[in-house]
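Please keep the structure in view while reading.

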Amino acid sequence: MKTMTCPLNGVRNISEFVCGGEVRAMPDPATGSDAEWADYVFMENNKAGVVREWWCHTPTSFWFIAERDTVTDEILRTYPAGEVFTARRDFASKEGGS
Amino acid sequence: MPFGLLKYGLLPSRRVPRRIPPTPELKPSYDVVIIGGGGHGLAAAYYLATVHGITNVAVLEKGYLAGGNTARNTAIIRSNYLTPEGVRFYDESVRLYQGLSNELGFNILYSERGHLTLAHTDAAVRTMRWRAEVNKHCGVNSELIFPDDIRKLAPSLNLSQDVRYPILAALHHPPGSIARHDAVAWGYAIGAARRGVEIHQQTEVTGLKREGNRIVAVETNRGTVACGKVLQAVAGSSTRLADMAGLRLPIKTVPLQACVSQPLKPFLDPIIVSGSLHVYISQSSRGELVMGGSTDPYPLYSTRSTLEFKETLMAHMLEMFPFLSEVRLLRQWAGMADMTPDFSPVMGETPLDNYYLDAGWGTWGFKATPVCGKRMAETVATGKAPDILHAFRLSRFEEFAQAGERGAASVGH
């Protein structure tokens, strides 16, 4: 049985987790073009090799980041999202918007 | 008598002639290079030669003929989809399949069984009714039926209402069929080779040489060939090849696992599918039960098998057929599936002038082999994708015009 280490809950069965897709920078909601959004929403890097992804431990709804190899099926490292997202990001606001 | 039989068997005239020629030397250039020697690529080669008279064609296959997803699917053929575009497209495929053994002069063991998609909830019943109405509107034979009629078609199915997911109704699609998947590829390969198409096995594409907006040469582990046009048909490796061409695709590569049981006497005529239970099952002409489920829960470039898959599949299978608990599994395998956001393929032109795409075949590629080969050949020959492929164009994503087949394309989501 394959396992994954949740940064909050420790080693758990892989069936307790769902993959949330690759960690990618979101377009700015106020300035992003349709083409940028289409690429962000639909297109995939789908890399064969080490990828960095969002994963969720579903019983506790805890989202974290995992690095794994999509060729060897090895999980290399899991850690809280705070390691990557260290600062608050403020998106540009539309004029007059809230 | 045994010696007579042995002597007869060893007679030189008894030897079966090799119908797919051995891999020749690569020529310096071809009018069309087809990358991928699976069912789709070979079918495209066949129709390029027969319909469009284009025979200076090379099919490049990195492994052996039809050894990828053509060998790894569960060989189900049907057209009971959800969108009119999808129904029309897959219906053309079913019609081509029905005449394919005659067309190719090669028996693909086409077996019309009928196809039952089970509904276990009111929501599923509504979707089945929706699919039946869309199908009928498009001239495809589908009907919503209820347990009394389901029992007549599949007497061994557990129709008890005293289970976790009782069967309320089913979408019955009489044209649903199975065929011998290898034979489909071999038949197309033989037909194409007979007309002059070269099939290069053990020939891996390592790079694509681009000049301006064209691919001018294909680099392989056996040398470089110049090309007039290129067709990509490499399910499971679509992103890796598209990267070489500089294209971005809306595809995740996810393993799809399947398995067969030991052979049993024929007891199951129709193909049974349950979206809620994430399973499908059919009995092959050899008596083996061919079983599959949903794709793996995360992307992976691997054809490994897992215990989780078998556990969940069998747990659900036993709810439908409790007596299978004594039956052993014989084989299991996996293929790498190109999953798209809308569960429809990605076919036709690309931003490059002479590069055509046949990808995004997820868990629904085998049934489309003939229509895809025929229509992609047309696309390559004329340089323009025909109307029937329009809904599946790559640019539909940037236009936010998806062809949503999630409810009908496969199980388990």
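## A helix and what covers it

In this predicted model, helix α3 of chain B has a buried set of residues made up of B:G86, B:V87, B:F89, B:Y90, B:D91, B:S93, B:V94 and B:Y97. An α-helix has 3.6 residues a turn, so residues three or four places apart point the same way. The cover over the buried residues of α3(B) includes the helices α4 (100-104), α5 (122-137) and α10 (369-382) of chain B, together with β3 (76-77) and β8 (177-178) of chain B.

The length of α3(B) can be checked against its residue count: the 15 residues, 84-98, should span 21 Å at 1.5 Å a residue, and because the end C-alpha atoms are 21 Å apart, the two values agree.

## The eight-stranded sheet of chain B

Chain B contains an open sheet of eight strands with mixed pairing, in the order β6-β7-β5-β14-β15-β16-β13-β17.

## Chain B as a whole

Chain B has eleven helices and 19 strands. Its radius of gyration is 22 Å, close to the 22 Å that the globule rule gives for 413 residues, and therefore chain B is as compact as a globular protein of that length. The C-alpha trace of chain B spans about 70 × 65 × 40 Å along its principal axes.

Of the 413 residues of chain B, 51% count as buried; among contacts between residues at least 6 apart in sequence, 77% join residues at least 24 apart.

B:A408 belongs to helix α11 of chain B, which covers residues 406-409, and it counts as buried because it has 26 C-beta neighbours inside 10 Å. Leaving aside neighbours within four places in sequence, B:A408 is in contact with B:N80, B:Y81, B:L82 and B:R131. The C-alpha atoms of B:A408 and B:E319, which are 89 residues apart along the chain, are separated by 22 Å.

In chain A, four strands form an open sheet in the order β3-β4-β5-β6, with antiparallel pairing. The edge strands here are β3 (17-22) and β6 (74-80) of chain A, each pairing on one side only, and neighbouring strands are turned by 35° against each other on average, direction ignored. Strand β5 (residues 62-69) of chain A is joined to β6(A) by six bridges, and the bridge partner of A:F64 in β6(A) is A:P80.

Where the two chains meet, 21 residues of chain B are in contact with 14 residues of chain A. On the side of chain B that touches chain A, the elements giving two or more residues are α8 (238-245), β13 (252-261) and α9 (307-320) of chain B, and by class this side has twelve nonpolar, three polar and six charged residues.

Methods. Residues are numbered from 1 along each chain as its sequence is written. Chains are lettered from A and ligands numbered from 1 in the order in which they are written. This is a predicted model: local features need pLDDT of at least 70, side-chain atom pairs count only at pLDDT 80 or more; totals for chains, interfaces and linings use all residues. Two strands pair if DSSP finds at least two bridges between them. Axes are lines fitted to C-alpha atoms, for helices over the stretch in contact, and angles run from 0 to 180 degrees between N-to-C directions. The expected span of a helix is 1.5 Å times one less than its number of residues. A residue is buried if 20 or more other C-beta atoms lie within 10 Å of its own, exposed if 12 or fewer, and partly exposed in between; C-beta atoms are placed from the backbone. Two residues are in contact if their C-beta atoms, placed from the backbone, lie within 7 Å. Ala, Val, Leu, Ile, Met, Phe, Trp, Tyr, Cys and Pro count as nonpolar, Asp, Glu, Lys and Arg as charged, and the others, Gly among them, as polar. The radius of gyration is taken over C-alpha atoms; the globule rule is 2.2 Å times the number of residues to the power 0.38.
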